[in-house]
Amino acid sequence: MTGTLGTSAINTRTTTSGLDLGPARHLVCRECGFSTPLAAEFACAECFGPLEVGYDFGRLTRPDIESGPLSIWRYRRLLPVPDDVDEHPNTQPGLTRLIRADRLAKALGVRRLWVKDDTGNPTHSFKDRVVAVALAAARQLGFRVLACPSTGNLANAVAAAAARAGWESVVLIPSSLERAKVLTTAVYDGALIAVDGTYDDVNRLATELAAEHEDWAFVNVNVRPYYAEGSKTLGYEVAEQLGWRLPDQIVVPIASGSQLTKVDKAFREFTELGLVQPLPYRVFGAQATGCSPVSAAFKAGRDVVVPVRPDTIARSLAIGAPADGPYALDAVRRTNGAIEDVTDAEVIEGIRLLARTEGIFTETAGGVTVACAKKLVGYGQLDPDAETVLLITGDGLKTLDAVEDHLGPQTTVPPNTKAIREALGS
Ligand SMILES: *Cc1c(COP(=O)(O)O)cnc(C)c1O
Ligand SMILES: [Zn+2]
């Protein structure tokens, strides 16, 4: 650990008078609509509801976007970041590949399937997108320390982004986190602290710390409204990469539920801006049964998401009290989608199915998405004739412990050709 982190109780943040957050105009409460100036705030002063960024986009054309950088910054005029965002050191995430997945489509029994492969980001998960936007906004808001509570991927993304920007970082993780995710965070040499407790305990601790350390930008706490907007870029990219069209159906994994709501928001914005034709797209959610509070609420027809204590190998999705759960429910219901959940055994089968059909090794969250898609097709909820996109949000190399008991060489033989022939059974 370096620098002044332990001692800085005073607020060293500069004033935000020269604030330039591009098209962002104010923060709006998602519950009561109360509007407040752009600042490092996340809860409504009137009703305590969550705040969201409100914009004035002006006119934006497809060529404006197409001529932009080969990263999420091509969408900067739709994000709470200044126009020169890419001139500051950042990890330049995004523009990951969207691949036509014919072999997986056949296995699932659907006609036209695409996989958005977000393992291709700088730290191998979609979290680089949200962190890049949080960092850019935090820089404008006068912060110089990047912090987070994390289930793993966010830890990687925050530590790496801070290193690249020359900022200090403070990352809090549950002590049970996968070894790979600990090592791939520690290597960036920020402050990394394991906490004895669940992610929800770590998250509560972060909220307390954010109140004490006003100069720490907790990406998913005090700058969450800006951070969350980064997830829209997944939706924008899918539409642009499909040739400026929306898909009929999209399956999104749910942890806090933020990503799902922002993909829906991205599709609505592109439609409202006239960048794509209107289409009655449907948004589907995916959870692991061992942490499925949003799926349970959906299936029971409830609006209230009852917190659970997570018990699943899909640790990147293991948020027992999902902040955006109710909004994810809204988006799914409004678009005539559904939410499904799958067992850990199905998660591993999902990982293996994607690997053997498309050559993509995803982490447990991707296994959840693939396995839920399979179940949703089986139940007739996903239309097999409609064009479908699966969001694969993280890399299997970070969750090797989930599969290590299931995979390995079929046999070990002496070094001669006869033994190989026998082993191959020919
Ligand atoms: C964080 C995460 C998600 C979901 O994020 P939310 O926006 O919190 O729902 C999905 N996949 C992976 C791999 C993640 O790390
Ligand atoms: Zn409010």
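## A zinc site and some helix packing

With 4 donor atoms set at angles of 99 to 117 degrees, the zinc ion (ligand 2) has a tetrahedral site. Keep in mind that this is a predicted model. The protein donors are the SG atoms of Cys-29, Cys-32, Cys-44 and Cys-47, which lie 2.3 to 2.4 Å from the zinc ion (ligand 2). Along the sequence, those donor residues follow the spacing C-x2-C-x11-C-x2-C.

Cys-32 comes out at 42%, so it counts as partly exposed.

| Helix pair | Angle between axes | Axis separation |
|---|---|---|
| α8 (residues 232-241) and α9 (residues 258-272) | roughly 50 degrees | within 7 Å |
| α10 (residues 293-300) and α11 (residues 325-334) | about 45 degrees | 10 Å |
| α12 (residues 344-358) and α13 (residues 364-378) | about 95 degrees | 7 Å |

Start with α8, which is mostly covered, as 9 of its 10 residues are buried. The buried set takes in Lys-232, Thr-233, Leu-234, Gly-235, Tyr-236, Glu-237, Val-238, Ala-239 and Glu-240. The axes of α8 and α9 cross at roughly 50 degrees, so the two helices are oblique to each other. Their crossing is right-handed. On the α8 side, the residues meeting α9 are Lys-232, Leu-234, Gly-235, Tyr-236, Val-238 and Ala-239. Their partners in α9 are Gln-259, Lys-262, Val-263, Lys-265, Ala-266, Phe-267, Glu-269 and Phe-270. As background, an α-helix has 3.6 residues a turn, so residues three or four places apart point the same way.

The backbone just past α8 is worth a look too. Gly-243 takes a positive phi of about 90 degrees there. Trp-244 also has a positive phi, near 60 degrees, and is a residue other than glycine. Trp-244 sits in the loop between α8 and β10 (249-253), and its relative accessible area of 9% makes it buried.

Gln-92 is another non-glycine residue with a positive phi, in this case about 45 degrees. You'll find Gln-92 in the loop between α1 (62-66) and β4 (98-100). At 41% relative accessibility, Gln-92 counts as partly exposed.

Moving on, α10 and α11 pack at about 45 degrees, which makes α10 oblique to α11. The crossing of α10 past α11 is right-handed. Val-294, Ala-297 and Phe-298 make the contact from α10, while α11 brings Gly-325, Ala-328, Leu-329, Val-332 and Arg-333.

From α12, the contact involves Glu-346, Val-347, Gly-350, Ile-351, Leu-353 and Leu-354. Facing them from α13 are Thr-364, Gly-367, Val-368, Val-370, Ala-371 and Lys-375.

Finally, which residues does Val-342 touch? Val-342 belongs to strand β12 (residues 339-342) and counts as buried because its relative accessibility is 0%. Leaving out residues up to four places away in sequence, Val-342 touches Gln-287, Ala-288, Thr-289, Val-347, Val-368, Ala-371, Cys-372 and Lys-375. Val-347 is also part of the α12 side of the contact with α13, and Val-368, Ala-371 and Lys-375 are among the α13 residues in that contact. For a sense of scale, the C-alpha atoms of Val-342 and Thr-61 are separated by 41 Å, and the two residues are 281 residues apart along the chain.

Key
Residues are numbered from 1 along each chain as its sequence is written. Chains are lettered from A and ligands numbered from 1 in the order in which they are written. This is a predicted model: local features need pLDDT of at least 70, side-chain atom pairs count only at pLDDT 80 or more; totals for chains, interfaces and linings use all residues. Side-chain values use heavy atoms; hydrogens and water are left out. Donors are N, O and S atoms within 2.8 Å of the metal (3.2 Å for Na, K and Ca); water is not among the atoms, so sites may look incomplete. Four donors count as tetrahedral if all angles lie between 85 and 135 degrees; four count as square planar and six as octahedral if opposite donors are over 155 degrees apart and all others between 65 and 115; anything else is irregular. Buried means under 20% relative accessible area, exposed over 50%, partly exposed in between (1.4 Å probe, protein chains only). Axes are lines fitted to C-alpha atoms, for helices over the stretch in contact, and angles run from 0 to 180 degrees between N-to-C directions. Helices (H or I, at least four residues) and strands (E, at least two) are DSSP runs, numbered from the N terminus. Angles under 35 degrees count as roughly parallel, over 145 as roughly antiparallel, 65 to 115 as roughly perpendicular and the rest as oblique. A crossing is left-handed if the near helix is turned anticlockwise from the far one by less than a right angle, and right-handed if clockwise. Contact means heavy atoms within 4.5 Å.
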